[in-house]
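The stops below are meant to be taken in order.

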Amino acid sequence: MTVTHYSERVIGEFLAHLPPGRPLVVTDNASRDSTRDLIRSRVPQATIIANDIGRGFGNAANQGLAQAAGDFVLLVNPDAKLQPDCLDRLLAAAERYPEAGVLAPALRTPAGGWEVSHDVDMFRRAGMSAKRTDPEPEGDICADYVSGAAMLVRRAALDAVPGFDPAIFLYYEDDDFCIRLRRAGWCLIRVADAVTDHVGGGSIKRSWDKHWEKFWHMAWSRLYIERKYRGRAAMWRIALPALLRFGLKAPLYLLTDFRNKGLRDAGRFCGTLAYLMGMKSR
């Protein structure tokens with residue numbers, strides 16, 4: 001299954017790389033381009049859940065997960081291209097690791113390198129250098145976090161941890177999902193010989209407002225998760241420096257680099273302030 005939103009640029013390649021004979025469930029978040037028409041023309045048997053308004057990634061994924069059948073559900077972003085044997089290798093790994101709630105493939109970039117698709121949990125990650133480089137794993141590993149860009153989810157794990165947190169509209173919903181799975185006793189496995197090509201950033205419409213919206217939601221969701229798991233005081237320890245830093249940087253960048261750093265830091269400042277004011281993410 002997949003979640004789409006103005007995905008006409010990438011959906012054709014996504015559909016062309018689907019494993020043959022497998023059912024497809026698509027939740028479309030209010031696309032006004034040709035995304036739905038392309039899916040209907042190329043995969044007529046697909047189940048399309050057509051939302052009139054955008055419901056965010058997690059809530060849209062939950063809609064699709066509720067429709068998908070079987071012991072496993074493969075959740076893949078529309079800007080990903082599955083290699084021919086990827087699903088078979090993930091299913092084989094699921095047999096090897098019955099304790100795995102999620103099995104994720106290695107993600108390959110358009111340049112042929114490897115995208116970082118696993119990590120320690122977000123709370124330990126915050127204390128590490130953003131410039132650190134980890135070696136590419138030589139085999140399967142059990143991780144604290146695996147990317148939501150592509151993941152095979154065991155139905156039994158979904159029954160124990162029912163999908164994504166509906167309060168999160170965008171960003172860090174996969175972090176939250178991984179935290180809850182691990183706390184419920186499930187492992188997260190990154191499978192070395194299962195490969196998916198990932199464009200990155202191709203799942204959403206490209207525009208200045210989406211750029212701003214991205215960082216608004218990243219700021220909001222980060223504070224939400226901090227408070228959810230570590231309490232109000234921990235949340236404030238992140239929120240206050242963010243307000244100061246982005247409140248000072250955003251005006252300068254808006255004058256000198258409006259569409260990039262300006263919108264980025266303005267979005268971060270507004271998302272932080274919105275959370276502190278009790279606004280919901282939507």
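The tour goes from a central strand to the cores and then to several helices.

This is a predicted model, in which local features need pLDDT of at least 70 and side-chain atom pairs count only at pLDDT 80 or more, while totals for chains, interfaces and linings use all residues. Residues are numbered from 1 along each chain as its sequence is written, and side-chain values use heavy atoms, with hydrogens and water left out.

**Stop 1: strand β6**

Select residues 100-108, which form β6. Helices (H or I, at least four residues) and strands (E, at least two) are DSSP runs, numbered from the N terminus. Of the 9 residues of β6, 8 are buried, so the strand is largely enclosed by the rest of the structure. Buried here means under 20% relative accessible area and exposed means over 50%, with partly exposed in between (1.4 Å probe, protein chains only).

Strand β12 (residues 187-198) runs parallel to β6 and is joined to it by 8 bridges. β11 pairs with β6 in the antiparallel sense over 2 bridges. Val102 stands opposite Leu188 in β12, and its bridge partner in β11 is Val153.

Strand β7 (residues 114-115) is antiparallel to β6, again with 2 bridges, and Leu107 has Glu115 of β7 as its bridge partner. These two strands form a hairpin with 5 residues between them, and Gly112 in the turn has a positive phi of about 95°.

**Stop 2: the nonpolar cores**

Which residues have the most contacts inside the largest nonpolar core? Select Val102, Val146, Phe177 and Leu181 to see them; the core has 29 residues. A nonpolar core is a set of buried Ala, Val, Leu, Ile, Met, Phe, Trp, Tyr and Cys residues joined through side-chain atoms within 4.5 Å. The largest share of this core, 4 residues, comes from α3.

Center on Val146. Beyond its neighbours within four places in sequence, Val146 is in contact (heavy atoms within 4.5 Å) with residues including Val102, Met151, Cys178 and Leu188. A second, separate core of 27 residues includes Phe14, Leu38, Leu90 and Leu107.

**Stop 3: helix α7**

Select residues 173-183, helix α7, where 9 of the 11 residues are buried. Among the buried ones are Glu173, Asp174, Phe177 and Leu181. Just after α7, look for Gly185, with a positive phi of about 100°.

**Stop 4: helix α2**

Select residues 35-42. In this helix, α2, the buried residues are Thr35, Arg36, Leu38 and Ile39. They lie on the same side of α2 because they cover an arc of only 165° around the axis, an arc taken from the directions from the helix axis to the C-beta atoms. Asp37 and Ser41 are exposed, on the face turned away from the buried side. The buried residues pack against β1 (2-4), α1 (11-16), β2 (25-29) and β3 (47-51).

**Stop 5**

Glu226 lies in helix α8 (residues 208-230). Is Glu226 buried or exposed? Glu226 is buried, with a relative accessible area of 3%. Its side chain makes a polar contact with the side chain of Arg222 at 2.7 Å. (A polar contact is a pair of N or O atoms within 3.5 Å; within protein, one must be able to donate a hydrogen and the other to accept it, and residues adjacent in sequence count only if both atoms are side-chain atoms.)

Finish at Phe246 in helix α9 (residues 232-256). Phe246 counts as buried at 8% relative accessibility. Asp265 is 19 residues from Phe246 in sequence, with 5.5 Å between their C-alpha atoms.

Technical notes
Pairing = 2+ DSSP bridges.
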